[in-house]
Amino acid sequence: MSVHKIETYPTVLSVNQVSKKIGSKYLVHRLSFDIQKGEVVGLLGPNGAGKTTTIRMIVGLISMSEGDILVKGKSVRRNFTEAVAHIGGIIENPEFYGYMSGYGNLKQFQRMVEGVAEERIHEVVKLVGLEQALHKKVKAYSLGMRQRLGIAQALLHRPSILILDEPTNGLDPAGIREMREYLKQIAREEGIAILVSSHLLSEIELMCSRVVVIQQGELVTVRDLDKPQNEMEYVKLKLRTDNAVRAKERLQRMEEVTIASIAPEQKEITVVVRDRHIPRIVQALSEERIGLYRMEESRESLEDEFLRWTGGNYIA
């Protein structure tokens, strides 16, 4: 039965031409994107781009003006209860009873949801690494522990997609790294899709397989972050040699290589070349007895790409 479901619903979340209009202003306008099973996808955009509005429409906190959202093939507009049953989420900060233990809070949620067994509580607690703190009072939890308890609660009913709005907000670097690893582990072990909205571009780059970028409520781009390099694609390489001038003289005679820049004092030269032609550069320098000490790809960071996509509007 589970195999049949995977084949029937390869797409867990489908946002189809969704708009949110207040008066004459569109907060979100004809937005469309899909998320597949097991993906971790980042939702990015400048301040006021419509990220939170989009998330609130997906989880049913606010209504759509136009379009529809499908979760495992169920329409949020027409089959609300069935659709949102597949969603787990934390919108803003998770709230708990501070005087109760983490276990007590999860038991309270268990009573509100049908079909959650005792074993499931221990499964999700182990998944987010809270075994040692499970019976401590939540008021003694750190912010990172509260966030993990919130994720455990969101996972109790075995959702198909986990939606998180700023899950690393307020965490220190160690907590951010810990959260990143737990989310990747959850996607891998539970096989669920995760949609993350965050202003930390460096974290999104490390955590997500794809990003959806929106601006002024409209889709700007959908970008794969872990797509393998195509051997026909051009790459920019920075080479450190024992003689940058001689390296330039040799490489500029090669039709497949374009010299981008040279820094003789640092003994560095930057070239643009197709991925499949890189071995020819190494061979050419070797034949000329030019020492090659380092070769590294000069790639745009997600921050650089984001600023280019949004015309310099920084995320917030």
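**Reading a pocket and a helix**

Guide: In this predicted model, the lining of the largest pocket is made up of 14 nonpolar, nine polar and two charged residues.

Visitor: How many residues line the largest pocket, and which lie nearest its centre?

Guide: The lining has 25 residues, and Gly89, Ile90, Phe109, Gln153 and Ala154 are those nearest the centre. The space in this pocket comes to about 720 Å³.

Visitor: Which elements give two or more residues to that lining?

Guide: They are α3 (80-84), β6 (87-90), α4 (102-112) and α6 (143-155).

Visitor: Turning to helix α7, what span does it reach from its first C-alpha to its last?

Guide: Helix α7 runs over residues 173-190, 18 residues in total, and reaches 25 Å, close to the 26 Å expected at 1.5 Å a residue.

Visitor: Why do the buried residues of α7 line one face of the helix?

Guide: The general idea comes first. With 3.6 residues a turn in an α-helix, residues three or four places apart point the same way. In α7 the buried residues are Gly175, Ile176, Met179, Arg180, Tyr182, Leu183, Ile186 and Ala187. Viewed down the axis of α7, these fall within an arc of 170 degrees, so they line one face.

Visitor: Which exposed residues does the face turned away from the buried side of α7 carry?

Guide: That face carries Pro173, Ala174, Arg177, Arg188 and Glu189.

Visitor: What covers the buried residues of α7?

Guide: The cover includes strands β3 (40-44), β7 (161-165) and β8 (193-197), together with helices α5 (118-127), α6 and α8 (201-207).

Methods
Residues numbered from 1 in each chain as written. Predicted model: local features only at pLDDT ≥ 70, side-chain atom pairs only at ≥ 80, totals over all residues. Heavy atoms only, no water. 1 Å grid on protein atoms, 1.4 Å probe; cavity = no way out; pocket = protein on both sides within 12 Å on 5 of 7 lines; lining within 4 Å. Points joined across faces, edges and corners; volume = space filled by probe spheres on them. Helix = DSSP H or I, 4+ residues; strand = E, 2+ residues; numbered from the N terminus. Nonpolar A, V, L, I, M, F, W, Y, C, P; charged D, E, K, R; others polar. Expected span 1.5 Å × (residues − 1). Buried < 20%, exposed > 50% of the residue type's maximum accessible area, 1.4 Å probe, protein only. Arc of directions from axis to C-beta. Contact = heavy atoms within 4.5 Å.
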